[in-house]
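Please keep the sequence and the model in view while reading.

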Amino acid sequence: MSELRVRYFAWLRERVGESSETVETGAETVRGLVDELSAREERYALAFADLSAVRVAVDEELADLSAPLAGVREVAFFPPMTGG
Amino acid sequence: MAVRVQREDFDCGAEIAALTAGRTEIGAVVTFSGLVRDSGGLASLELEHYPGMTEKALAAIEAEAVSRWELQASLVIHRYGRLAPGDRIMMVATASRHRQAAFEAAEFLMDYLKSRAPFWKKESGPDGGRWVDATESDEAALARWK
């Protein structure tokens, strides 16, 4: 098990109901973390219901669901970005 | 070369003056500013971002522009927080010897920061709040720079 900081932005933050939390996880990839959280509580399952609308950053770099979690400190979930 | 992420407003004219002061080799400055557009009934726009990653992502996009074009100077300012219709959201400025590099680099910066910088917009109006969706054309705009 390892300890991760997990952050949520925009409508993912609203659905999960937290902007940031510390998570104990045995997941090896981001996808594994998503599955673990979704199994844990309904609000996560709802937030992650359509993964095509979810983007991921690992330690503040864009990544994808297959990204490994070994040595990672922070994972963030958010919708496609709308800057500018 | 500079990136600023801030809550406060900024002055485009003063920024351009500071960027080019004493830099007589600069022959061209291109700027773009984005404003809060009211398409009907918009009360406010909330800009959320990912502190830490935002600065890194913008700096990486700017570094990519500098590697592709011969720029004498560049600047990206992006605001966050609650904005009203007509408010400035962001600006990019690029300066080069001749205009083509400045024009192209400014377009490149805009195309990338639209869909690769971690900002999200929520519009509030009479019917409540609504997150602004990314558009297919934003993503398609990146293809021409591959």
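Which side chain of chain B meets that of A:Glu14 in a salt bridge? The partner is B:Lys122, at 2.6 Å from N to O; a salt bridge here is a side-chain nitrogen of Lys or Arg within 4 Å of a carboxyl oxygen of Asp or Glu.

This is a predicted model, in which local features need pLDDT of at least 70, side-chain atom pairs count only at pLDDT 80 or more, and totals for chains, interfaces and linings use all residues. Residues are numbered from 1 along each chain as its sequence is written, chains are lettered from A and ligands numbered from 1 in the order in which they are written, and side-chain values use heavy atoms, with hydrogens and water left out.

The interface may be considered next. Chain A places 21 residues in contact with 25 residues of chain B, contact meaning heavy atoms within 4.5 Å. Between the two chains an area of about 1,900 Å² is buried, and carbon and sulfur atoms give 56% of it; buried area is the accessible area (1.4 Å probe) that two parts lose on being put together, summed over both. Of the area that chain A buries against chain B, 38% is supplied by A:Met81, A:Thr82 and A:Gly84, more than by any other three residues.

The rule finds 3 salt bridges across this interface. There are also 13 residue pairs in polar contact between the chains, with both residues at pLDDT 80 or more. A polar contact is a pair of N or O atoms within 3.5 Å; within protein, one must be able to donate a hydrogen and the other to accept it, and residues adjacent in sequence count only if both atoms are side-chain atoms. On the side of chain A that touches chain B, the elements giving two or more residues are β1 (2-8), α1, β4 (61-63) and β5 (74-78) of chain A. Helices (H or I, at least four residues) and strands (E, at least two) are DSSP runs, numbered from the N terminus. The largest share of this side, 4 residues, comes from α1(A).

Over all chains the count comes to 20 salt bridges. One pair is A:Arg5 with A:Glu74, at 3.5 Å from N to O. Because A:Arg5 lies in strand β1 of chain A and A:Glu74 in strand β5 of chain A, this pair ties together parts that are 69 residues apart in sequence.

The loop between β3 (55-58) and β4 of chain A holds A:Asp59, a residue other than glycine with a positive phi near 45°. A:Glu60 is found in the loop between β3 and β4 of chain A, and its phi is also positive, about 70°, although it is not a glycine.

The pockets remain. A pocket is an open set of points on a 1 Å grid over the protein atoms alone, where a 1.4 Å probe fits, with protein on both sides within 12 Å along at least five of seven lines; lining residues have an atom within 4 Å of a point. The largest pocket holds about 590 Å³ of space. Among its 28 lining residues, the closest to the centre are B:Arg37, B:Ser39, B:Leu45, B:Glu123 and B:Val132. Most is given to this lining by β7(B), with 4 residues.

The second largest pocket holds about 400 Å³ of space. Of the 21 residues that line it, A:Arg55, A:Pro79, A:Pro80, A:Met81 and B:Ala134 are the closest to its centre. Two or more residues each come from α1 (10-16) of chain A together with α3, β7 and α4 (136-140) of chain B, and α4(B) gives the most, with 3 residues.

How values were computed
Points joined across faces, edges and corners; volume = space filled by probe spheres on them.
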